[in-house]
Amino acid sequence: MSRALATNSHSLLRGARQPLPAALDQARLPAHVAVIMDGNGRWARRRGLPRVMGHRAGVEALKRTLRLCSDWGIGALTAYAFSTENWNRPGEEVSFLMALFERVLQRELEGLERERVRIRFLGDLAPLPGGLQQLIAEATARTQANDGIRFNVCTNYGGRAELVAAARRLAERVARGELDPASIDEAAFAEGLHTAGERDPDLLIRTSGEQRLSNFLLWQLAYAELHITEVLWPDFDEAALLAALVDYQSRQRRFGGVDPAP
Ligand code: IPE
Ligand code: IPE
Ligand code: MG
């Protein structure tokens, strides 16, 4: 393997850029890819390892995916890292994940800056450990002026909580007399979401074969194309991403209309 990334887990993005595979049409790439990174626990169990080892391997899959999306010219990648429901997991697993997020972010921040990635964390960040919150603030500030791929990491994210918070903010402005309810439209509502300013995902990938949204981007995925793969997240690689993008490019997106005349 020529890619330093494959052998050096201490750097996020390095080595030569990967050219766009010939099977893909540059002009019809999704501008925004969202991914539900699922199957870490099963990946570990199949190897007789503790679940948390699957999360460690999952970080490498995310780095690979970010690198490829960036190289191939995809504008934004949004990854589901921790849901509002994931607090229901055993305390040890939750603590491991929080420590992992902190360690990885610390280690990768320089590489993210070098590659001009813009990183943001979407979700209710207040319940996260203080050290992680500080790192998130630093990473966001240090990369916000970059012009590379927009990388959104959904952490303590829940679609319903996001919608409720957006509705509450609008209601408060109405109550203060600042806002006329008749002026609330889809754009005004979307401004209150964590994704404000980001375009809706064109493609949603879910790994490990589960056919559900698990409270992910309920508003934003309204017209996304769905690609569900049996591949477990730690095994998600270039071939798996290519398969998702080829699948995406085979779709006719109608947005409620009809196919153009042949
Ligand atoms: C996804 O993998 C990672 C997180 C939700 C943090 P899982 O941990 O859900 O793996 P499975 O679904 O149990 O295999
Ligand atoms: C969704 O995966 C959340 C993340 C990938 C962070 P889960 O493994 O938590 O989803 P369910 O519980 O199977 O629906
Ligand atoms: Mg899961």
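Colleague: Which residue in β2 stands opposite I36?

Modeller: Y80 does. This is a predicted model: local features need pLDDT of at least 70, side-chain atom pairs count only at pLDDT 80 or more, and totals for chains, interfaces and linings use all residues. Residues are numbered from 1 along each chain as its sequence is written, chains are lettered from A and ligands numbered from 1 in the order in which they are written, and side-chain values use heavy atoms, leaving out hydrogens and water.

Colleague: How do you know that β1 and β2 pair?

Modeller: Pairing takes at least two DSSP bridges between the strands. Strands β1 (residues 32-36) and β2 (residues 76-83) have 5, in the parallel sense, so they pair. Strands are DSSP E runs of at least two residues, and helices are H or I runs of at least four, numbered from the N terminus.

Colleague: What makes β3 and β6 edge strands?

Modeller: The open sheet has 6 strands in the order β3-β4-β2-β1-β5-β6, with parallel pairing. β3 (118-122) and β6 (225-228) each pair on one side only. From one strand to the next, the twist averages 20°.

Colleague: Which strands does helix α3 touch as it packs on the sheet?

Modeller: Helix α3 (residues 51-72) touches β2 and β4 (150-157). Contact means heavy atoms within 4.5 Å. The direction of α3 makes about 160° with that of β2. Such angles run from 0 to 180 degrees between N-to-C directions, with axes fitted to C-alpha atoms, for helices over the stretch in contact.

Colleague: Why is the meeting of E108 and K63 called a salt bridge?

Modeller: The rule wants a Lys or Arg side-chain nitrogen within 4 Å of an Asp or Glu carboxyl oxygen. Here N to O is 3.2 Å, so the pair qualifies. E108 lies in helix α4 (residues 91-114) and K63 in helix α3, so the pair ties together parts that are 45 residues apart in sequence. By this rule the count comes to 26 salt bridges.

Colleague: What makes D38 a polar contact of ligand 1?

Modeller: A polar contact is a pair of N or O atoms within 3.5 Å. A polar side-chain atom of D38 lies 2.8 Å from an oxygen atom of ligand 1, so the pair counts. The protein covers 86% of the 380 Å² of accessible area that ligand 1 has on its own. Areas come from the Shrake-Rupley method with a 1.4 Å probe.

Colleague: How far is R206 from ligand 2?

Modeller: An N or O atom in the R206 side chain is 3.3 Å from an oxygen atom of ligand 2. D38 also has a polar side-chain atom 3.2 Å from an oxygen atom of ligand 2. The protein covers 78% of the 390 Å² of accessible area that ligand 2 has on its own.

Definitions and conventions: Polar contact = N/O pair within 3.5 Å; in protein donor to acceptor, adjacent residues only side chain to side chain.
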